[in-house]
Each structure stands twice: as C-alpha cells, then as structure tokens.
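Please walk me through how the two chains of this model meet.

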2 protein chains.
Amino acid sequence: MTEHTLTAFDSELAELRSLIEGMGTAVLLQVWAASAALQQSDAGLVEQVIQKDHTVESLFREIDEKVIRMVAKRQPMARDLREIMVAIKILSDLERIGDLAENTAMRYVALAEVNSRLVDVLIPIGEMAERGLRQVLQVFHVNDTKAALAVWECDVTHDEFYNSSFCLLLTYMLENPRNIAACTHLAFVAKNMECIGDHATNIAENIFYLVEGKAPAGPRPKRDTTAL
Amino acid sequence: MTEHTLTAFDSELAELRSLIEGMGTAVLLQVWAASAALQQSDAGLVEQVIQKDHTVESLFREIDEKVIRMVAKRQPMARDLREIMVAIKILSDLERIGDLAENTAMRYVALAEVNSRLVDVLIPIGEMAERGLRQVLQVFHVNDTKAALAVWECDVTHDEFYNSSFCLLLTYMLENPRNIAACTHLAFVAKNMECIGDHATNIAENIFYLVEGKAPAGPRPKRDTTAL
C-alpha cells in the first residue's frame, strides 16, 4: 500500500468517524427530546423526535453505504479493518437507540393526561440514559480506553435505576387501578431508557475492542432483578 | 483473483452460512423453550434457554471473528462483500433474539404462581414469533426473494398480535389488582415476542437486499397502536 493510499484511507476514516458522531448527536437529541416530551407533555417535542428519525435513518443509510464502498475499495487490514467493523456495530446501536427514543415519544398521547407524579418516576432513569449516551459519544471522540471501561461498568447502575423505577410504578398501579394503563406505558419507557443505557455500554465495549484489540475482561456486570 | 481463490472463498462463504444457520437453529430453540417454559411453568426449560445462550454467544464470537478474517484475507467485492455485510447484520439480529428469549425465560420466577388464563394470553404472539423466525431461517437457507418479502410484510401482523395481547393484559389488570405484577411481566414478554418478530423481518429485509442489491420498496408496514 502506498503512502498516498494510506492517507486517502485515513481521511475517509476520519470522515466516517465524523458522520458517526453526527448520527450520535442526532440520536442524543432524540433521547433528550423524548424524555422532555413526556415530562413537559409537549407535542412539539414528539414531532421533533419523529422528524429527527428521518435524519437518523438517512445518515444510517449513508454511513452504511460508505462503509461498504470503503471495504470494497480499500481492502483494509488489521486496525483499519477493526475500525470499520466497529463502525458497523456502533451504527446499529445508534439506530436502535433512535428507535427506542421514538417509541418513548410515541407514548406521549397515552400519557398526556397523567398525573405528573407518575411521569416523574422516569426522571432519574431518563437522565441516566442521556448521560450514558453523551459520555460514550465523548469517549468515541477521544478513543479513550479508560473512559470506555468506566461507561461499560455502568451496566449495573442502569439495571438498578430500572429496578427502582419498575418497583415504584408497580406500587402506583396497586395504589390506584386508574394508574394501571399509564404505569404500564411508563414501565416500557423505563425499559427503553435502560436499553439505551445498555446500547451505550455496547458502544463502550466496542471502543475498548477497537483500541485494545480485545474485549474488556470478564462478563459485563448485570443486576436486573425485576424478572426474578 | 484466480479460480482457486474464488473457490476457496466460496467454500468459506458456505461455511459462514452454515455457522449462521446453526446459530439460527440454536436461537429458534431458545425462543420455543422460553415460551414453553412460561406456559408449562417448567424450570428445566428456563435452564435450557440460559445454557443455550452460552452456545449462542460463543457461536456469535466465532462467526464475528471468522467474518473479520474473511474480509482481511479475501478482500471481497460486490456480491461477496454484500454477503459478508449481510451476515454481520443477521448475526446481530440473531444475538438480540437470543437475548429477548433469555429475558422472557427469566420472568419464569415472577410468573410461576400465576393463573394460567393470564399466561395463555401469550400463546398466539409466542407462536407468531417462533413461526416468523422459523420462516426467515428457511428463507435464508434458500435465499428466496419472494419468500423474504412475505416475511418482511408480516410486520403489520406482529403489531396486531401485540396490540391485542396488550389490551387483554390491561383488561386483566383492571379486573383484579392481584394480576398487576404478573400482567406487567407478561406485557414485557409480549413486547419481547413482537421484537423477535421484528428482528425476523429485519433478517428478511437483509436477505432481500443480498439477492436484489437493494432494499424492498416503500417503508415497512407498521401498525403498533398501543402507544397511542
């Protein structure tokens, strides 16, 4: 491979990374707007989440095609190939986070008339999801293994936030049958937020793999006990 | 590329496909066992789902590494490259289905003492998820575009199954507060099954793309109205 080819590939990689960061920012905005839409009962924010989804979907397709073109044209090896494989995985995590944000926002109608005390159950877990995603996007920007590990280890925290939201929602349902429908939707939103956190840890795991060439040691710490 | 290289690549591709089919079969068994575990309140089946997850995870890693080696060694182009990119995506859908089956099975404990009338709500949607996955694995085996489209169009059906399970579970919760905790778990299981169906349609979409070189025309038909 000539020096020229290397440089061309490097600049394509940089462009790929910047496209992914753009998609990450769009998705982060979706997550924020979805939570805020429910908290503030704001239909305009719901519309924003849905509109943003078109941006995210078209970015997804653009990056996907770019990756295929890069592999076909550049025949990357070793670290370059790893970078591309990791890009594909991060892409799919980001797309899924966008879907979860959209599913969250769509529940706005079912939650519009609901006592704000119920919706407030989501504040901590919503903030957690947003924070996890924001952190991992920063980690992606600087490619820092130590910071990636810190996000990766947060899985336990996500589960704890989810467990406590779930228990609180169950209590509200038992307290008053009128809360049942709303709390069921809120339980799904809590699960969506936990999943967003998990996707952020997936991304962290992939960044770690990219830099170190291996997965973090040991199984990912898990503590979701609501199923038990 | 020499005739020899082509043949070697073809045989590697065939091996890759057969590994994916093996992973598909393992995951299908997980989905079946997870549903059956809840229906029959069978702890042995739960154990099977969890054990199978180790197989699925190690198959996942094996295939993942194989794909990276193949790209690095063979520098595939056009259809071959598409085949590999599609393999990566199908792999991630199958892994996710395995996780959903495991999450379903884990709810066994919370549902062990529950009236079977409640658990029966899941029969149609569980059968639907299993059928969708089985069909798409057959489609993958024969690479048939028409059959892929048929699975892809089932997304509407999944949503309808989910909507009706969800409404029925809400009714049972309103009918008797003692049903609330169990029905919330069952609502998550119903959502898991719908998601499994959606992953099956993702796989169908990717098979279509593999054969035709483009995505199916138009947006995927959707009718999940429980959020509204």
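Across the interface of chain A and chain B of this predicted model, 2 residue pairs are in polar contact, both at pLDDT 80 or more.

Charge pairing comes next. The count between chain A and chain B is 2 salt bridges. In one of them, the side chains of Asp64(A) and Lys89(B) meet at 2.7 Å, N to O.

Now the extent of the contact. Chain A contributes 36 residues and chain B contributes 35 residues. The size of an interface is often given as the accessible area lost when the parts come together. Here chain A and chain B bury about 3,300 Å² between them. Carbon and sulfur atoms account for 73% of that area.

Do the copies meet through the same surface or different ones, and why? The copies meet through the same surface, because 97% of the interface residues of chain A are also interface residues in chain B.

A rotation of 180° superposes chain A on chain B, with 0.0 Å of shift along the axis and an RMSD of 0.0 Å. That is the relation of a two-fold axis. Which residue of chain A comes closest to the rotation axis? It is Gln75(A), whose C-alpha lies at 2.7 Å from the axis.

Notes: Residues numbered from 1 in each chain as written. Chains lettered and ligands numbered in written order. Predicted model: local features only at pLDDT ≥ 70, side-chain atom pairs only at ≥ 80, totals over all residues. Heavy atoms only, no water. Contact = heavy atoms within 4.5 Å. Buried area = accessible area lost by both parts, 1.4 Å probe. Salt bridge = Lys/Arg side-chain N within 4 Å of Asp/Glu carboxyl O. Polar contact = N/O pair within 3.5 Å; in protein donor to acceptor, adjacent residues only side chain to side chain. Least-squares fit on C-alpha atoms with pLDDT ≥ 70 in both.
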